[in-house]
Amino acid sequence: MKSRVAYFGVFTALALIFSYVETLIPVHFGVPGMKLGLANLIIVIALYKMRVREAFLLSVLRVLLSGFLFGNYFSIIYSLSGALLSLSAMTLLKRAGGFSVTGVSIAGGVFHNIGQLIAAMVVVETFSAAYYMPALLVAGAATGFLIGAAADGMLKRLKNLWQ
């Protein structure tokens, strides 16, 4: 039990560090708010190494802490809606089987952007934000692939980490 708490603390710290590092990267992809999602690397690994409820708690905790530390109220709303939808989709695909870690992560990237787009449409009370959908779907698939490939490599090296 104590080791689970310690691992959870380490995963939380890593997710926050990755969130902070991402704020330092001055890359703009042409679509407002689009980022690589480095902290999602930790979330994908947690999905495969922790219980599902622990992965959800880690994701929510990471969004809230990084939002208060590095963002604002709206970044918390957008990130939380994307994170919850993304992790729900990844959990369903992982349980269904037949999907690689990279495939699950690609779906997570796509659904994260869909969740954020839905939140944006609710906040601004218009569907005009849906024009970003094609760019966000491509970006979500691309970043999901990169994060998934990195997570797959890390999971192969972390075989002895607790289950």
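Predicted model: local features only at pLDDT ≥ 70, side-chain atom pairs only at ≥ 80, totals over all residues.
Visitor: What makes up the secondary structure of the protein chain?

Guide: There are six helices and zero strands. Read from the N terminus, the elements run α-α-α-α-α-α.

Visitor: How do you know whether the radius of gyration agrees with a compact globule?

Guide: We set the value against the expectation for the chain length. For 163 residues, a compact globule would have a radius of gyration near 15 Å, and the protein chain has 15 Å, so the two agree. Along the principal axes, the C-alpha trace spans about 45 × 35 × 25 Å.

Visitor: Let's turn to single residues. Why is T12 called buried?

Guide: Buried means under 20% relative accessible area. T12 has 10% relative accessibility, so T12 counts as buried. You will find T12 in helix α1, residues 2-24.

Visitor: Which residues does T12 touch?

Guide: Not counting residues up to four places away in sequence, T12 touches L58, L61 and L65.

Visitor: What makes M133 partly exposed?

Guide: Partly exposed is the class between buried, under 20%, and exposed, over 50%. The relative accessible area of M133 is 27%, so M133 is partly exposed. M133 is found in helix α6, and apart from neighbours within four places in sequence, M133 is in contact with I114 and L117.

Visitor: How far apart are M133 and I25 in sequence and in space?

Guide: They are 108 residues apart in sequence and 24 Å apart in space, C-alpha to C-alpha.

Visitor: What makes helix α2 mostly covered?

Guide: Helix α2 spans residues 39-49, and ten of its eleven residues are buried. Among them are A39, I42, V44, Y48 and K49. A39 is also one of the residues that S19 touches.

Visitor: How do helices α5 and α6 cross?

Guide: The axes of helix α5, residues 101-124, and helix α6, residues 133-157, come within 6 Å and cross at roughly 145°. α5 passes α6 in a right-handed crossing. The residues of this contact divide into 15 nonpolar, seven polar and one charged.

Visitor: At what angle do α4 and α5 pack?

Guide: Helix α4, residues 73-96, packs with α5 at an angle of about 145°, with the axes 7 Å apart. α4 passes α5 in a right-handed crossing. Here the contact residues divide into 15 nonpolar, ten polar and one charged.

How values were computed
Residues numbered from 1 in each chain as written. Heavy atoms only, no water. Helix = DSSP H or I, 4+ residues; strand = E, 2+ residues; numbered from the N terminus. Buried < 20%, exposed > 50% of the residue type's maximum accessible area, 1.4 Å probe, protein only. Contact = heavy atoms within 4.5 Å. Axes fitted to C-alpha atoms, helices over the stretch in contact; angles between N-to-C directions. Left-handed = near helix turned anticlockwise from the far one by under 90°. Nonpolar A, V, L, I, M, F, W, Y, C, P; charged D, E, K, R; others polar. Rg over C-alpha atoms; globule rule 2.2 N^0.38 Å.
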